[in-house]
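Have the model open and your selection tool ready.

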Amino acid sequence: MLVDAHAHLDDKAFESDREKLLEEIESQGIVVINAGSDLKSSLKSLELARKHNFIYACVGVHPHEASNVPADYLDILRELAHDKRVVAIGEIGLDYHYNFSPKDVQKKVFEEQLLLAKELGLPVVVHSREALCDTLEILEKSGVKKGLMHCYSGSLEEAQDFLALGFYFSFGGILTFKRAEKTREVAAGLPRDRVLLETDCPYLTPEPFRGKRNDPTRLPYIARALAKIWGISEKEVEEITKSNAKNFFSIDDF
Ligand SMILES: [Zn+2]
């Protein structure tokens, strides 16, 4: 069983054929952890998880949306997160590449959601783009001990600090890209019990489908790439990453 540790099946890219796609994902035995990116998508994520056994939800506000949150957003997230189908707070973090929200607002909303995760005893799913230093500093200060660096793009050296914090890393379609030697080296060098697979769909479609919409049924192509990097079978990659996902999200059902 493959586990997609980070997907956005609530995205409007799936509006026209979501039901058909969900059937396909289920028939392939793929489990999906769906990430929220704002309050609306967090609610949609939870609704998907309530309706489908193979989907679990994360709720949270993405750094892009940090300046759009209402005053009571933490109460709304807390309420959603009390549902047992919610397995993490995410995706949250910092994005200094786009800076759609001002840095200080991104930091504040990140810190507040980390506190919420701590209060609820939930792990966090972190988005960090061109912001690893600040991300690490805020995480260290927060006292949060369980997190996933989703679509990790830092170096192996930078990863050491996050490993020391107890964090996990997930990799997606980039592993299959021709010019992603650096990411493959990082995936090769990390401890295997801290690595998960993800699609981040509808984005980051793996080869040979690059340019098309991504979805969880493409996950085997990412697993295959990781098997090649680690020099083991796809079956072994599936077992290792499933066990890591189970540990990280504390899911007993699989
Ligand atoms: Zn994402």
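This is a predicted model: local features need pLDDT of at least 70, side-chain atom pairs count only at pLDDT 80 or more; totals for chains, interfaces and linings use all residues.

Next, colour the buried residues of α4: Gln 106, Val 109, Phe 110, Gln 113, Leu 114, Leu 116 and Ala 117. Why do they sit on the same side of α4? Look down the axis: they cover an arc of only 160° around it, and this puts them on the same side of the helix. As background, an α-helix has 3.6 residues a turn, so residues three or four places apart point the same way.

Turn to the face of α4 directed away from its buried side, and pick out Asp 104 and Glu 119, which are exposed.

Which elements do the buried residues of α4 pack against? Show α3 (73–81), β4 (86–95), β5 (124–129) and α5 (132–142) to see these partners.

For the last stop, zoom in on Gln 106, which lies in α4. Is Gln 106 buried or exposed? It counts as buried because it has 27 C-beta neighbours inside 10 Å, where the cut-off for buried is 20 or more. Leaving out residues up to four places away in sequence, Gln 106 touches Pro 63, Ala 66, Leu 94 and Ser 101. Finally, draw a C-alpha to C-alpha distance from Gln 106 to Val 195: they are 26 Å apart in space and 89 residues apart in sequence.

Key:
Residues are numbered from 1 along each chain as its sequence is written. A residue is buried if 20 or more other C-beta atoms lie within 10 Å of its own, exposed if 12 or fewer, and partly exposed in between; C-beta atoms are placed from the backbone. Helices (H or I, at least four residues) and strands (E, at least two) are DSSP runs, numbered from the N terminus. The arc is that of the directions from the helix axis to the C-beta atoms. Two residues are in contact if their C-beta atoms, placed from the backbone, lie within 7 Å.
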